[in-house]
Amino acid sequence: PPLSKEVIVSAEEPAPTFIGSAERYETLGIELWLSTEVEAVEPKEQRLRLSTGETIPYDRLLLATGGTARSLPVPGAEHALLLRTLDEARLIRARLKAAGSVVCIGAGVIGLEIAASAGALGCKVTVIEAGEGPMERCLVPEIARFMEGVHAAAGTTFHFGEAVAGIEKLADGRFRVSTRSGLAVEADCVIAGIGLQRNVALAKSAGLAGEGAIDVDAFGRTSDEAIYAAGDVAAFWHPLFGARLRLENWRHAQNHGIAVGKGMAGQPQPYADLPWFWTDQFGINLQVCGFPLAAAETVIRGDLAARSFTALHLDAAGKVIAATTANRGRDMRAAMKLITAGKRIDREKVADEAVPTQSLALSA
């Protein structure tokens, strides 16, 4: 999470935080092989083939290969910086600190976080998005307009409904981003935040099923009972939503890994965490739980103008199926209880902010 925020804007670059030291892995009895690539999975033999020519047998195998930042499929795509690794964040940090203007391609979470960071550094920011609004895959229109207003108030210029056609490097070292409609924007720096490409090559070599991901059940098992997958690369079955989900955030990767690891160690438990993520942009801590766009109605508690509200998203039966909060993080825990309760709640109480969200959760 710090890569699109603190690492870019802090006066001094924060030191990276690692999961553990080499000594910690040794203490836990874990063999850590660095700078070693797995070239193929051989399920029949239950072994891995390595780039060194060696093979490793397994009883159970976990694929936690994550993803890589998606590149633009246009001429000049190499001129757009991407953000997924620490080195990429360091490069963006250096470029933005020297830039007067930047074009951010993509108005999803990462694209807008980078736009906010660039704005905080004093850059003139232009965001180009093929869709019709910011974060449109996870925000209802009213809240999407709210976030657009937050950025616009900070000086960000948006161009929605614009598909990038190409990026050209100019003679003076600047760049020109052109769209299919004929729009052209010049800037000192171009950054693309258009999602990730899941690393499924090993899964394909093992013949595992999945469309752009690795399909797993609620315990993280693939179609091969000896092979599991977790995190960004997995499409897992969620018992509450009755659907296969693909999530891309650190909390899911952490908790899914824990649940799947327990299953591999003989303590299977279905993974049923609610989809949840947060983002910080221009002083707004925005949190989203569930799938707001699947709701029949949204009730907003609080004041968008004051930049402090909780939105409860209800289905046609009056059950809370998702929630969005802005600078009201304490409400999210109560909202999660409302979602998991799966019970119809009093519409008048939902709309009455005098009734605390926590009280709504208790009544459900």
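Helices (H or I, at least four residues) and strands (E, at least two) are taken here as DSSP runs, numbered from the N terminus. The model is a predicted one, in which local features need pLDDT of at least 70, side-chain atom pairs count only at pLDDT 80 or more, and totals for chains, interfaces and linings use all residues. Residues are numbered from 1 along each chain as its sequence is written, and side-chain values use heavy atoms, with hydrogens and water left out.

The C-alpha trace spans about 65 × 60 × 40 Å along its principal axes.

Of the 364 residues, 44% are buried, where buried means under 20% relative accessible area, exposed over 50%, and partly exposed in between (1.4 Å probe, protein chains only). The accessible surface comes to about 18,200 Å², and 50% of that belongs to carbon and sulfur atoms; these areas come from the Shrake-Rupley method with a 1.4 Å probe, and for residues only the protein chains shown count as cover. Among contacts (heavy atoms within 4.5 Å) between residues at least 6 apart in sequence, 56% join residues at least 24 apart.

As for charge, there are 37 positive and 43 negative side chains, and the centres of the two sets lie 4 Å apart. Lys and Arg count as positive and Asp and Glu as negative, while His and the chain ends are not counted. Each charge is placed at NZ of Lys, CZ of Arg, CG of Asp or CD of Glu.

Back to helix α4 (residues 109–120): at 1.5 Å a residue, its twelve residues should span 16 Å, and the end C-alpha atoms are 16 Å apart, which agrees. The expected span is 1.5 Å times one less than the number of residues. Buried residues in α4 are Gly111, Leu112, Glu113, Ile114, Ala115, Ala116, Ser117 and Ala118. Ile114, at 1% relative accessibility, counts as buried. Not counting residues up to four places away in sequence, Ile114 touches Ser4, Leu83, Cys104 and Ile191. Ile114 and Ile8 are 106 residues apart in sequence, yet their C-alpha atoms are 8.4 Å apart in space.

Val164 sits in strand β9 (residues 164–169) and is buried, with a relative accessible area of 10%. Leaving aside neighbours within four places in sequence, its contacts are Val74, Ile105, Ile128, Val177, Ser178, Thr179 and Arg180. The C-alpha atoms of Val164 and Gly182, 18 residues apart along the chain, are separated by 9.6 Å. Thr68, in strand β5 (residues 67–69), counts as partly exposed at 40% relative accessibility. Beyond residues up to four places away in sequence, Thr68 touches Arg84, Leu196, Gln197 and Asn199. Thr68 and Leu196 are 128 residues apart in sequence and 5.4 Å apart in space, C-alpha to C-alpha.

Gln46, between β1 (38–42) and β2 (47–50), is partly exposed, with a relative accessible area of 29%. Setting aside neighbours within four places in sequence, Gln46 is in contact with Ile56, Pro57, Tyr58, Asp59 and Ala226. The C-alpha atoms of Gln46 and Val74 are 28 residues apart along the chain and are separated by 40 Å.

Most residues other than glycine have a negative phi. Met135 has a positive phi of about 50° although it is not a glycine; Met135 lies in the loop between β7 (124–129) and α5 (141–153) and is buried, with a relative accessible area of 2%. Asn327 also has a positive phi, near 55°, and is a residue other than glycine. Asn327 is found in the loop between β22 (320–326) and α8 (329–341), and its relative accessible area of 35% makes Asn327 partly exposed.
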